[in-house]
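Try each task with the model open before you read its solution.

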Amino acid sequence: MLNLNISFLIVLLLVPISSSSSSSSVEAIEGVIKRLDTHKPSPLSQESAAKALLKRLLPTHLPSFEFKIISKDACGGNSCFWITNYKNTSNKSPQILIKGTTAVEIASGLHWYIKYSCGAHVSWDKTGGSQISSIPPPANLPPVVKEGILIQRPVPWNYYQNVVTSSYSYVWWDWERWEKEIDWMALQGINLPLAFTGQESIWQKVFMDFNISAHDLNNFFGGPAFLAWARMGNLHAWGGPLCQNWLDQQLILQKQILSRMIELGMTPVLPSFSGNVPAALRSIFPTANITRLGDWNTVNGNPRWCCTYLLDPSDPLFIQIGEAFIKKQIKEYGDVTDIYNCDTFNENSPPTSDPTYISTLGSAVYEAMSKANKNAVWLMQGWLFYSDSSFWKPPQMKALLHSVPFGKMIVLDLFADVKPVWESSSQFYNTPYVWCMLHNFGGNLEMYGVLDTLASGPIVARVSENSTMVGVGMCMEGIEHNPVVYELMPEMAYRKDKVNVEEWLRIYSRRRYGKAVKQAESAWEILHQTIYNCSDGIADHNTDYIVKFPDWDPYLNIYSSFSKQKIITMYSNRRSMLTESESTLPQPHMWYPANDAIDALKLFIDAGEDLDGSLTYRYDLVDLTRQVLSKLANEVYLDVLSAFQHKDLEALESHCQKFEQIITDIDELLASDDNFLLGTWLESAKKLALTPSEKRQYEWNARTQVTMWYDTTKTNQSQLHDYANKFWSGLLLDYYLPRASMYFNRLLESLRNNKRFEITKWRKEWISYSNKWQQDTKLYPVKAQGDARAISKSLFQKYFRNK
C-alpha cells in the first residue's frame, strides 16, 4: 500500500453554495434544486444503486463498505459525502462507512477514499483503465482519521458533456459501454449530465403528429455519426437516412441511460426544441414563418446537405411543436427532470441584432418549454458569446439572458478554461452559470492541458464579487484522452481552495501506476510545466501535419511567403511554429519546448524498468512517444518545403522519406496498444447494425467522420476535412501516409522535371483515394501487437539519441 501522506486532503468545507454570490442568484437556484430533489429516488433505491456500482468496480470488497443516504441538513444544507470508520469492529462487519446526500455523493466518497487512502486510480478503459491493485484486500482497508472526512460541494452542480460529444465519442456505444460511463460519471461526482441519446425517435413521433411522414424525415435526420449537427440545424441528410432499427434501438438505450442516471441521483439534461424543422413542414403550414438558413461548411452551398429550415420562435407553431416535444419526452421517460438544453443560435446568428427582437425570441423558446413543464429551466451553451462575439454585444447578450424569468436560465461558460466570458460580462449579467472546461475539439488525440488554470479558475470565479457561478463542468467535444485532465477537473467540484498541482501530480503519478517511481514523477514535473501548462490562449485543435496535411501550393506561396530561415520553430528558440504574418502555411499548435517533452519521454522509457506490465503506464508511454514524433514530423515537413524552395533534390528526397517513415513508425507504435486502433471504432459501428445495408452505412459514417467529414467535389476537399482526425493505427498507414506520399511524389516530379507543381492534380488524386477509402470495408485489427516499451525505446534511439 502507498504512503500518500493524505493529511492535506482531509477537508472540512462548511461553506454556502457561494459565499459571495448575489442573494437573488442563490435563492433562485436553491428553489430549482429543491424542486429537482423531489425527482430523486428513495434513499433505499439510491443506496442499492451505489452498492451495485461498488460491485461492478470492486466486487471483492462489497462487504467492506456500508453506504447511507443522509439529508442535506446533516451537511450544513449542501450536498456532501462523509467518510468514517465503521464502528462495529467484528470481522464480518464493514470497515468503511460512506454517507452522502445522493448516490452520486456516495460514489464520489468511495472514489475519494480509494484514491487518497488506498492509492488507486480510475480512468476510462481507452486511457489505460483503472489501477486498483494498490487497494488492500478486504478486512485490511486503511482507516480514515477519527473524525472522518467530510467534504461538501461549494457549488451545487458538476455538469458533463458537449452537444457534439454524442457524435464524436458515444455514437457507437451499447449499454455495456454506457453502464461503464455512468459509473465513471458517478465516481467523478457528475450530477448534471446531458442525455441526448434517442431523441430522433421522439422527434419522429412528434413530427408525425404534425403530418410529417417518415419519408420526409429521411431528408431531415443526419446519419448516425452526424446527428449532433443535424440536431443543431447545421446540416440535413448527410450520412443518412436513419433506419427504423436505429431509431428503436436508440430509444431503448436512452431509457436505460436515464434509468441508471436517476437511480444514482443525477439530474439528466434533456433536449428541447430549437426551431430546426423538416422542409416538408412548409407545405403543411404554408403561412408559418419558416426561413432557410445559410450554408454551413459545404464545399459549394449544396442544398442537398446545407441550408436547413428554421421555424421562427415568434411563430405560434414554434410553441406548439416545442410543447409537444417536451410532453412526448415526459410520456416516454416520465417526469425525470426540469432542465432542458436549447441552443437556437449555435453558429447561426439571429436575423437582426435588435435587442427587442432577440428578447422576444428568447421568451418564445422558454415558453415552449414551460407550457409543457411549468418548472422548466433553460440550460444554454454559452459558446455563441465567444465564437460570435462581434454579434453578441452587451445589449444583445442582456436581451437573450434576461428574456426568461430569473433563475430559469443557466449558461454554460463553455470555454472558461481558456476564454472565460463571465469576466467580461458581469457574471453573464447576473445569470447563473457553470464554469466549464472545453479542452478538446473533434475528439482529436493530443496531449494538452491547462492544469494550473483548472486548479484555480473555478475557485477565482466562485469567490469573485457578486458571483453567479453555480457549478463546474466538462464540455469537451470528445473524450477518452488526457486522463490527468479528466481527473483534476471533476475534482474541482469538491474543492474549496486552489490545488497545488505539483503536489497533486506527484500523488497522481503514484496512484496511476500503483507505485512511486522517481523517473515517472520527474517526467510528470516536466509535463506539468510544458504540455499541460498551455498559456497562449489558443484553442488546441490538433493540426499537426501528419493528421491534417496542408492543402498548400508551394509553387505559388513558397517564394513570396515561406522561408525556412524566417520560421521561428519550437525546435530552435521555444516559440511558435510559424507566425501568421510570416506565412500563409497552416500552423500546428505548439506551446512548449519540444526538447523538454523529449526529456520527459526519456524518463518515461526509463521508468518502464519498474512499471512493465502496467496498462496505465503503457498508454501514457505510447501517447507521449506519439506526441513527440508528431511534433518532430512538423519540423520535417518544413524541411521538405525548404528543400523544394532551394531546389535541393537530394535533401527533398531525404526529408520526404523521413516524414513518411515517421508515419510508419508511429503506426507501428500505436498498434502496440489496444487503445489506439482504428479497428475498434469501425467494429463498434458495425456491431450496431442489424442488416448488411446498415452495416455498410454505419461503417461509411464511422470512416467519413474521422477523415473527410463532409462533402467534396473532384477538386475541392471538405471544408471540415480532418476536423475529427485521430492518431489510430491503421488510419495512419492507410490514409495519412498515402495522402502525404501522393503530395511528395508530385513535389519530387516537379523538381526533377523542372515543371510547375500542379496542386489540382494532387487534390483530384487524394480526394478520389479518400472517397474510395471511406467506402471500403477492409478489416483492421482490434487487438494490440508488439511490445510498446521496446518500440518506444527503439524509436527514441532512432530519432533522439543525440538530444
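Helix axes here are lines fitted to C-alpha atoms over the stretch in contact, and angles run from 0 to 180 degrees between N-to-C directions. Helices (H or I, at least four residues) and strands (E, at least two) are DSSP runs, numbered from the N terminus. This is a predicted model, in which local features need pLDDT of at least 70 and side-chain atom pairs count only at pLDDT 80 or more, while totals for chains, interfaces and linings use all residues. Residues are numbered from 1 along each chain as its sequence is written, and side-chain values use heavy atoms, with hydrogens and water left out.

**Exercise 1.** Find the angle at which α2 and α5 pack, and classify it.

Solution. Step one: take helix α2 (residues 43–57) and α5; their angle is about 110 degrees and their axes lie 11 Å apart. Step two: α2 is therefore roughly perpendicular to α5. The classes are these: angles under 35 degrees count as roughly parallel, over 145 as roughly antiparallel, 65 to 115 as roughly perpendicular and the rest as oblique. Step three: the crossing of α2 past α5 is left-handed, a term for a near helix turned anticlockwise from the far one by less than a right angle (clockwise would be right-handed). Step four: look for contacts, meaning heavy atoms within 4.5 Å. On the α2 side are Leu53, Arg56 and Leu57, and they meet Glu179, Asp183, Ala186 and Leu187 of α5. By class, this contact has four nonpolar, no polar and three charged residues. Ala, Val, Leu, Ile, Met, Phe, Trp, Tyr, Cys and Pro count as nonpolar, Asp, Glu, Lys and Arg as charged, and the others, Gly among them, as polar.

**Exercise 2.** Describe how α19 and α22 pack, and which residues meet.

Solution. Step one: helix α19 (residues 518–529) and helix α22 (residues 594–611) have an angle of about 160 degrees, and their axes are 8 Å apart. Step two: this makes the pair roughly antiparallel. Step three: α19 makes a left-handed crossing with α22. Step four: α19 contributes residues including Trp524, Ile526 and Leu527, and among those they meet in α22 are Leu603, Phe604 and Leu611. The contact of α19 with α22 holds 10 nonpolar, two polar and four charged residues.

**Exercise 3.** Now turn to α22 and α23: how far apart are their axes?

Solution. Step one: the axes are 10 Å apart, at an angle of about 155 degrees. Step two: α22 and α23 are therefore roughly antiparallel. Step three: α22 passes α23 in a left-handed crossing. Step four: among the contact residues are Ile598, Leu601 and Phe604 of α22 and Tyr617, Leu621 and Val628 of α23. The contact of α22 with α23 divides into 12 nonpolar, two polar and one charged residue.

**Exercise 4.** Locate the largest pocket and the largest cavity, and say what lines each.

Solution. On a 1 Å grid over the protein atoms alone, a cavity is a set of points where a 1.4 Å probe fits but cannot get out, and a pocket is an open set with protein on both sides within 12 Å along at least five of seven lines; lining residues have an atom within 4 Å of a point. Grid points are joined across faces, edges and corners, and a volume is the space filled by probe spheres set on the points. Step two: the largest pocket has a volume of about 990 Å³. Its lining has 33 residues, and Lys126, Arg177, Glu480, Thr680 and Ser684 are the closest to its centre. α5 (175–187), α23 (615–645) and α25 (678–687) each give two or more residues to this lining, with the largest share, five residues, from α25. The pocket lining has 12 nonpolar, eight polar and 13 charged residues. Step three: the largest cavity has a volume of about 280 Å³. Of its 21 lining residues, Gln199, Arg231, Met232, Ser272 and Ser274 lie nearest its centre. α8 gives the most to this lining, four residues.

**Exercise 5.** Which residues does the cis peptide bond join?

Solution. The cis bond joins Gly240 and Pro241, with omega about 0 degrees. Pro241 sits in the loop between α8 and α9 (244–263).
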